[in-house]
Amino acid sequence: MNFKEIAKRAETGPLMEGNDFLMQRVAANVLALKKEYDVKWDGKTLVNLDDSLADRCWEAGKELVLRSGLFSMNSRRVIQFTKDEIEDTLNNLPGNLNMGEGKEFTTVYHRDVEDPRPPFVMSGPFNADTHEDMFIKLNEAFAQERIIDSLFLPGYLKELDGLMIRPNSGLSSRAAVLYGEWAREAVRRAGRPGMAIIGHSVMALNEIACTNEAFGLRKTDPRAMVLLSELQVDDVTMGRMGYYLAYGAPIYMAHTPLVGGYGGGPDGTAIIAVASFIASIMLNSEICHIGPQHIKYKTQTNNHSLFLGSLANQAANRNSKIITTTSHTTAGRAGSDQYAYEFAALELAAVTGGSNISGPRPAEPLGFNNVSPLMGRLFAEVGHAAAKLSREQAAGIVEKLFEKYKDTMTLETAPKGLPFEQLYDTGKLVPTTEHKACYDRVKEELAHLGVPFAY
């Protein structure tokens, strides 16, 4: 759909207050659609095995977009779509997207449910608070893992030159320039100068300053946007999108439907997730990211989120050519065994449902640089292995993994982990002996549970 028309409707659509939109257009319709389409979770299943349920969820989500529209938060207008506009957009999806340059030119594809092709792996600091002294080293360590297809959200610079960065300030613009320069330098140092970088430097219009074909983010690097919960968009996202669409950069749109919010349980929230997938492509997104978030746990690996991620992905991937990807936000932190148990469980649920993969990261990092490139490698390896499994095979492994961390899946009880500089020799950019032992131990344990690694 033409962005010009989207921008126009954001100024001329029906006027509403935000709370009225969420209660009257989202929550009330989700409640009705759950009954109308019989979308129901049994309270136990972690990986959906019911194709009919996935198809009903898709139809319910498509109907929700028609009934609710998309709320423009700043203008307080509802951006509405017609059934023909939605169908036309869905029918004309290409199902693939090229990114990167030179030897690192690559393609991300729509995947079907139980697709045997490996998922496209997007991994990196995933917007973890990243100290300026470690920014290049941390991203280089991710980029040197050849199994990772694109560098993902290179890190969030909260401080620069000893000062806290204030949004929309001159310092924020300078940080955006350095974000682009340093991310590009990191992939160069890793010997992958054309590697695609999926990024946004700050959640403000100053973020545009990271763009530079010579030394920053390029036209071949997707730009990450956020659809706010639930089915809402703000002026910053619309402004950035208007620029990047004109510039020619691919759009990566994330949405984080909240279990326990306006959709209720994971079944109603799955309907919102499907609606969010569709709303994202109406906004010209080419890669659509679901973060199956829980309002209480603040993670994406609890039992509710596992089912949500499984069902919503299957609904979208059985019924459209949307390129989906799932983020992996855990309670456990990098450096702990639980970190891997959690992201592996969600990967098995999502990849068998047709999703590509983005992540991982802890939901509550403790300080700067609280991620691990070695765990990025394991994340990719689990994703590739998951593509060899059926949903039924994956379901049994997911249940065993969930048993391992279900009693410590709150942020307070989960292991604290360690930052990058304690997990790696930052001079040689190799993991410490202890961290490599953690990787080996967990990988062997996952293999014992039935994850079919290629080794």
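I looked up Arg-441 and found a salt bridge with Asp-337, the closest N and O atoms being 2.8 Å apart; I count a salt bridge where a side-chain nitrogen of Lys or Arg is within 4 Å of a carboxyl oxygen of Asp or Glu. Arg-441 lies in helix H14 (residues 433-449) and Asp-337 in helix H10 (residues 337-351), so the pair ties together parts that are 104 residues apart in sequence; helices (H or I, at least four residues) and strands (E, at least two) are DSSP runs, numbered from the N terminus. I noted Arg-441 as partly exposed, at a relative accessible area of 43%, where buried means under 20%, exposed over 50% and partly exposed in between (1.4 Å probe, protein chains only).

The model is predicted, so I kept to local features with pLDDT of at least 70 and to side-chain atom pairs at pLDDT 80 or more, while totals for chains, interfaces and linings use all residues. Residues are numbered from 1 along each chain as its sequence is written, and side-chain values use heavy atoms, with hydrogens and water left out.

I then went through other salt bridges, of which the structure holds 29. Arg-240 pairs with Glu-207, with 3.3 Å between the closest N and O atoms. Arg-240 sits in helix H7 (residues 235-247) and Glu-207 in the loop between strand S9 (197-198) and strand S10 (223-227), so this pair ties together parts that are 33 residues apart in sequence. I noted that both Arg-240 and Glu-207 are buried. I also recorded a network of salt bridges that links Asp-51, Asp-55, Glu-114, Arg-318 and Arg-391.

Next I turned to the nonpolar cores, each a set of buried Ala, Val, Leu, Ile, Met, Phe, Trp, Tyr and Cys residues joined through side-chain atoms within 4.5 Å. The largest has 132 residues, and Leu-70, Leu-348, Leu-378 and Leu-401 touch the most other members. Helix H8 (residues 266-282) gives this core its largest share, 11 residues. Leaving out residues up to four places away in sequence, I found Leu-378 in contact with Ala-340, Phe-343, Tyr-439, Val-442, Lys-443 and Phe-453, contact meaning heavy atoms within 4.5 Å.

Last, I searched the whole structure for disulfides and found zero, taking a disulfide as a pair of cysteine sulfur atoms within 2.5 Å. For Cys-288 the nearest cysteine sulfur is that of Cys-57, 15 Å away. Cys-288 is buried, with a relative accessible area of 1%, and Cys-210 is also buried, at 2%.
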